[in-house]
Amino acid sequence: MSTTTTELLKGAAELFPGEVVTQAHVRHLDLPGGAGRFALITLDNGFDHTKPTTIGPQSLANLNAAIDQVEKEAAEGSITGVGVTGKPFIFAVGADLKGVELLKEHKDALAIGKGGHDVFRRLSGLAVPTFAYYNGAAMGGGVEIGLHCSYRTVSKALPAFSLPEVFLGLVPGWGGCVLLPNLIGADRAVSVIIENSLNQNRQLKGKQVFELGIADAIFEGADFLEQSLIWTASVLKGEIAIERPEVDRGDAWDQAVARGKAVADSKVHGAAPAAYRALEIIAAAKDGDLGAGFDAEDQALADLIMGGELRSGIYSFNLVQKRAKRPAGAPDKALARPVTKVGVVGAGLMASQLALLFLRRLEVPVVLTDIDQDRVDKGVGYVQAEIDKLLGKGRINQDKANRLKALVSGVLDKAEGFSDADFIIEAVFEEIGVKQQVFAEVEAVAPAHAILATNTSSLSVTEMASKLKNPERVVGFHFFNPVAILPLLEIVRGEQTDDASLATAFGVARKLKKTAVLVKDAPAFVVNRILTRFMGEIQNIIDEGTPVATAEKAIEPLGLPMSPLVLLELVGPAIGLHVSETLNRAFPERFTVSQNLAAVVKAGKRGFYVYDSGKPELDPEVAALLEQGDTVLTEDQVRDRVLDAVAQEIGLMLDEGVVAEPQDIDLCLITGAGWPFHLGGITPYLDREGVSERVNGKPFLTQGVASVPA
Amino acid sequence: MPRTIRDVVFVDGVRTPFGKAGPKGIYHETRADDLVVKAIRELLRRNPDLDPAKIDEVAIAATTQIGDQGLTLGRTAGILAGLPQSVPGYSIDRMCAGALTAVTATAGSIAFGAYDVVIAGGVEHMGRHPMGESVDPNPRLVSEKLVDESALFMGMTAENLHDRYPSITKQRADEYAVRSQEKAAKAYANGKIQQDLVPVSVRRTNAEAGETGWGLVTADEPMRPGTTLESLAGLKTPFRAHGRVTAGNAAGLNDGATASLLASEETARELGLPVKMRLVSYAFAGVEPEVMGYGPIPATEKALAKAGLSIDDIGLFEINEAFAVQVLAFLEHYGIADDDQRVNQYGGAIAYGHPLASSGVRLMTQLARQFEEQPEVRYGLTTMCVGFGMGATVVWENPNFDGGNK
């Protein structure tokens, strides 16, 4: 009966010769308490936990063969039950994304969906009860294997459990969308499938898996499998009755789906299809018809696998998981010098935030300096208060708080503070003369090997270093606000920056747990340049006469985390204006300075909107300040013009060599501006919408990199 | 400061099933410390009335204290088992009598008043840590003839013991071994052993050793029910040409762990913990290292003398069967018949295996079960021989003793 499945999987396996194959070992054991002979299937790819077990077509075929064996034994009556578990620390982390990336045809994508269903469903069709023992990390298809079983246990030590498909641009399509709501109710299923996924792929821990009702029992990690098997024996002997709460198939189900839709709208604004497809299947699963639900999952999987959003999602995932860990163009790590003390010039809010970050991650002495004692005291006071907050929340213990507080200090005299510092970062006023002056003072007192880093967002690092005796040790170290949250760190190489200094900067970035991207010393670097061009074009369109509301609405289909004018408010109109002026000086033909924006800043406005009604509405005072022309564009026209501008700017940046590859642009936009996975940052989207071709005559990325391969 | 010596009781004992050491053994891919952890956790599960924070000490023995048997096993196993950080622990080594010494050392401290409740146990993974791993004997031992060269090879010391007792023939040793297997099989059939075993999950990745993946061990691997005199007769005598000691009349090379719970009697009563045995006395003695199997005799003499008892007062014996000859030498010395029904009623190490430093607590656990069944018996003893020429004996009193009036 599994012949067709076998053929299906054989065909799929041929398309994916590089699969890391997972074995499905069948081992027999005697359950305690005379509960009989039991077959336990262990999923194991033969590597240790650093290479988690994944499921590709050959792996499915192996599981299928294992099920052939236990099915026969169950039918003969030689076993009383079947269990599934994983290698140490890992249950299974789902479908092998590399295999998904290779799929070119809708029919092949359909085969993968159907293949998974065909195999997993057999677990629920056996003549004996089936048990999944979630011993370690379980994601996607791994979770779904367990959902097809009759019972589940989970380890209290399990660190990560999720259905991350929607996060990537898929649906949980091997049964997840259908089985999970039927097991724990639609509302909880929506939390797992939609909400967690869209919240940066939030993971559940073992205890939550149990509390949500996904697992029937929970045991500690130290003897998880033993206790699971003893429990299994009790279940099989009828000593333990499993009671699961009745699933509410009334209005609650519809309300859950509506809530899921609201979550999706707030996160992707309708721009990415996966969450909506998943919700459609969850909605339909209300009737409990598993077969129809599984067919819908197959269709959704195939459609999404052949769509651009998933390809962008996987591309984005690989950027933040892999490229972020091996920054393109970074010098040999071995050149990095140790950093045992950090100096911070300036004790303002930004400087204090940086001091706190360095302190927490490097755990070395951090010295703040400023021009008067009050400022210094305020800066140190801020850091200490933040440490107390961490202590109050239980994030650190008293010993750690004592340690950190003892490490932070402030002095007026740079010579006293910096004479033995290895890394000194300035966060003073954004003015080249001031920064040159600061670096000259620091160089006079700091050791010759010390790195001088600048957190400038728009000034030239080369120019800043130009008057120093040792300009080779100056690097740009550009953080993004909020510093504690946004992962991106643009590391800027000045013309004279040497490899050792750059390697040290990358080493520090790694310890700060930041995503470092190497950037050439070009005006406004990467994120600010693209965002300024993007915002500038919208501002131009508004200035020329398109209503604010139309301009904003035109951008919504991209699914950005916030609208352009809300972003401007977050950045601060004055800072936005300042950066546009800087870029206008550098590239006057493309970057304009909006007189309307200047007027808003001059009027002391903090944004375009007021929120009196709870929703953003154009501030009448701002509306009164705006002087608009009479060219009114449609939403489509607005979007085309803005995307054209962005595509042009990125094309020019790559020509200038601001970064190594388009991938770095996308990594910057994802980690520094929160641009979404389904756009792939932005270049995959520009490619698939034809913008790149229209503007630059060619796509940014080779076909197959973030799209269906040729 | 006035002190009162307190009575010490054996509250409970458990062990992992024992395995055969080596690449095909059930525990080949299982860490030694994990074996101890499973045993400790089972003890805690079986005694839910005991707040783990009340445990004052975790003493764990191992002969080869390196790798997964190193790092102050008592402490690390406590942490790994989920005991509160406030519970300390340490490691113990007296080779085969490791767990027994863990019991006596902590029992002495309980009697003294330093502790109220302790965990004492042992482990030996002879597959991961073969006998003699990384040893570096001082050359003076041999050059100055401080010990005979055979002292380091336990099988040779057993042959030497045969020399000392010429009446103990290979035939007698084999007969004893057959009986041990028979008694063990009977004890299994009657469910005497399984009740104190904790199941252990085991992984296997080597297909040559059997089915791969995770499995569950619920029974001792070394047992050979159905062993006959004929099947033993032909076995090699690897320690001496035409010798008497074979793999059949000796314990094998094994992996396993044990753990026990001891308390002052008053604490046990106060916390409502079971009292399975009461400690009467203990003693260790040294003998010539090359006849280490003689050790239980002087150790027992000392322990009985301290207790003011004679051998006739002992109603049950649990003697570790490192070698049949060592048990037979003990019995011969005391004039007890080879098949005396008071001796090793459930069989012994020849059947179950002898993971060196873990075995002492197995003897105690089995004696405790026999005490429960036989309230007419007042005293029992656990004794074992120890490498490098030692013996160790603990005398126990049966709290179920009914005065001998059936």
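Analyst: In this predicted model, helix α11, which covers residues 251–268 of chain A, packs against helix α12, residues 274–284 of chain A, at an angle of about 180°, and their axes are 10 Å apart. Angles over 145 degrees count as roughly antiparallel, and therefore α11(A) is described as roughly antiparallel to α12(A). On the side of α11(A), the contact is made by Val257(A), Gly260(A), Lys261(A), Ala264(A) and Val268(A), while α12(A) brings Ala275(A), Tyr276(A), Leu279(A), Ile282(A) and Ala283(A) to meet them. Sorted by class, the residues in the contact of α11(A) with α12(A) are eight nonpolar, one polar and one charged.

The residues of the contact of α16(A) with α17(A) divide into four nonpolar, two polar and one charged.

Along the principal axes, the C-alpha atoms of chain A fill a box of roughly 85 × 60 × 50 Å. Of the 710 residues of chain A, 54% count as buried, and among the contacts in chain A with a separation of 6 or more, 75% are between residues 24 or more positions apart.

Chain A is also divided into domain 1 (3–306), domain 2 (333–520) and domain 3 (527–657). The centres of domain 1 of chain A and domain 3 of chain A, taken over C-alpha atoms, are separated by 46 Å, and four residues of domain 1 of chain A are in contact with four residues of domain 3 of chain A. On the side of domain 1 of chain A that touches domain 3 of chain A, the residues divide into three nonpolar, one polar and no charged.

Some details of the backbone also deserve a careful look. Most residues other than glycine have a negative phi, and most peptide bonds are trans. The peptide bond from Asn481(A) to Pro482(A), however, is cis, with omega near -5°, and Pro482(A) lies in the loop between β15 (474–479) and β16 (488–493) of chain A. Gln200(A), in the loop between α8 (186–198) and α9 (206–211) of chain A, is a residue other than glycine with a positive phi, near 50°. Gln200(A) has 11 other C-beta atoms within 10 Å, and because a residue with 12 or fewer counts as exposed, Gln200(A) is exposed.

Met95(B) is found in the loop between β4 (89–92) and α3 (98–112) of chain B, and because it has 23 other C-beta atoms within 10 Å, where 20 or more are needed, Met95(B) is buried.

Chain B as a whole has 12 helices and 12 strands, and its radius of gyration of 20 Å is close to the 22 Å that the globule rule gives for 406 residues, so chain B is as compact as a globular protein of that length. Of the 406 residues of chain B, 57% count as buried.

Finally, the two chains meet in a contact that takes 16 residues from chain B and 19 residues from chain A. On the side of chain B that touches chain A, α1 (32–46), β6 (200–204) and β7 (213–217) of chain B each supply at least two residues, and the largest share, four residues, comes from β7(B). The residues of that side of chain B divide into seven nonpolar, six polar and three charged.

Terms used
Residues numbered from 1 in each chain as written. Chains lettered and ligands numbered in written order. Predicted model: local features only at pLDDT ≥ 70, side-chain atom pairs only at ≥ 80, totals over all residues. Contact = placed C-beta atoms within 7 Å. Domains from an automatic or database assignment. Nonpolar A, V, L, I, M, F, W, Y, C, P; charged D, E, K, R; others polar. Axes fitted to C-alpha atoms, helices over the stretch in contact; angles between N-to-C directions. Parallel < 35°, antiparallel > 145°, perpendicular 65-115°, else oblique. Rg over C-alpha atoms; globule rule 2.2 N^0.38 Å.
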